[in-house]
Amino acid sequence: MTQFTVLVTDDDQDIRDGIEIYLKNEGYRVLKAENGQKAIELLEANEVHVIVLDIMMPMLDGISTTFKIREQRNIPIIMLSAKAEDSDKIHGLSVGADDYVTKPFHPMELVARVKSQLRRYVSLGTYQDKSQRIEIDGLVMDSDAKEVLLHGDSVKLTPIEFKITELLMVNAGRVFSIRDIYERVWNEPAYNAENIVAVHIRKIREKIETDPKNPRYLKVVWGIGYKIEK
């Protein structure tokens, strides 16, 4: 059985050590870093399946670290921050994070979110039984390879972006509300989900559309939701 590895990055040693205790109790291997630069070094030397990443850190903060990680890797990233404003959450998600936890938090909430991200990243969850390869006018989704291609070129999507794209491509032509998308992809009740889903939709459009303002694939149906055109 594979032992999954979680990289915990926070400049507060007590927080790192506390998270480590709970994750190890659940059977995970834990790596710890005190800043973004150290986290990147550990990523180069280890196979990591989920990253827990604080935003406010010395040397290299969480936002800058996420930018660097996303240049090459689609590992799920859960951001930690003492800031609870929606704008801060949206900023974190817009640069490539997959989830956001506000301090202070209960460690078991974080463990649950780690498990949720692992399910999506490793197994693709409930969509395993769907068609493994779908093509729509040059846009190709390969569920086995966890890859999206646009006219033969690889499109780098985060795990959450991939799940949204997969949901819409598997059900091409069907309109999904924001609530539907959030509950199916995040596997939890939708609460203040509008901005979170909108940010991910915008990022997907920037990656798969030649003209994001006049999209060919990912369409909005005003007052209802989103769909991928057949």
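Author: Helices (H or I, at least four residues) and strands (E, at least two) are DSSP runs, numbered from the N terminus. With that in hand, which residue lies in the loop between strand S6 (133–136) and strand S7 (139–142)? The residue is Asp-137, and Asp-137 has a positive phi of about 50° although it is not a glycine.

Reader: Before we go on, what kind of model is this?

Author: A predicted one: local features need pLDDT of at least 70, side-chain atom pairs count only at pLDDT 80 or more, and totals for chains, interfaces and linings use all residues. Numbering starts from 1 along each chain as its sequence is written, and side-chain values use heavy atoms, with hydrogens and water left out.

Reader: Which other residue has a positive phi of about 50° although it is not a glycine?

Author: Look at His-151, which has that positive phi of about 50°. You will find His-151 in the loop between S8 and S9.

Reader: Is His-151 buried or exposed?

Author: Residues are buried under 20% relative accessible area, exposed over 50% and partly exposed in between (1.4 Å probe, protein chains only). His-151 counts as exposed because its relative accessibility is 57%.

Reader: Where does a cis peptide bond turn up?

Author: Between Lys-103 and Pro-104, with omega at about -10°. Pro-104 belongs to the loop between S5 and H5.

Reader: Which position does UniProt list for a modified residue?

Author: The unreviewed UniProt entry lists Asp-54 as "modified residue: 4-aspartylphosphate"; such annotations may be inferred rather than shown by experiment. In the model, Asp-54 is part of strand S3 (residues 50–54). Its relative accessibility is 4%, so Asp-54 counts as buried.

Reader: What is Asp-54 in contact with?

Author: Contact means heavy atoms within 4.5 Å. Leaving aside neighbours within four places in sequence, the partners of Asp-54 are Thr-9, Asp-10, Asp-11, Gly-62, Leu-80, Ser-81 and Lys-103.

Reader: Where does Ile-77 lie?

Author: Ile-77 is in strand S4 (residues 77–81). With 0% relative accessibility, Ile-77 counts as buried. When neighbours within four places in sequence are set aside, Ile-77 is in contact with Ile-51, Leu-53, Thr-66, Ile-69, Arg-70, Ala-97, Asp-98 and Asp-99. Take Ala-97: Ile-77 and Ala-97 are 20 residues apart along the chain, and their C-alpha atoms are separated by 5.0 Å.

Reader: How many aromatic pairs does the structure hold?

Author: The structure holds one. Rings of Phe, Tyr and Trp (its six-membered ring) pair if their centres lie within 6.5 Å; planes under 30 degrees apart count as stacked, over 60 as edge-to-face and the rest as tilted. Here the rings are those of Tyr-182 and Trp-186: their centres are 4.6 Å apart and their planes meet at 10°, so the pair is stacked. Both residues are in helix H7, four residues apart, about one turn of the helix. Tyr-182 is buried at 6% relative accessibility, and Trp-186 is buried at 3%.

Reader: How much space lies in the largest pocket?

Author: Rolling a probe the size of a water molecule over the atoms shows where empty space is left. On a 1 Å grid over the protein atoms alone, a pocket is an open set of points where a 1.4 Å probe fits, with protein on both sides within 12 Å along at least five of seven lines; lining residues have an atom within 4 Å of a point. Points are joined across faces, edges and corners, and volume is the space filled by probe spheres set on them. The largest pocket holds about 410 Å³. Among its 21 lining residues, Lys-89, Tyr-100, Tyr-182, Tyr-191 and Ile-196 are the closest to its centre.

Reader: Which elements each supply at least two residues of the lining of the largest pocket?

Author: Helix H4 (86–94), strand S5 (99–102), helix H5 (107–123), helix H7 (178–186) and helix H8 (194–208).

Reader: What is the volume of the second largest pocket?

Author: About 200 Å³. Of the 15 residues lining the second largest pocket, Asn-74, Lys-146, Leu-157, Thr-158 and Phe-162 are the closest to its centre. H5, strand S8 (147–150), strand S9 (153–155) and helix H6 (159–170) each supply at least two lining residues, and the largest share, three residues, comes from H6.
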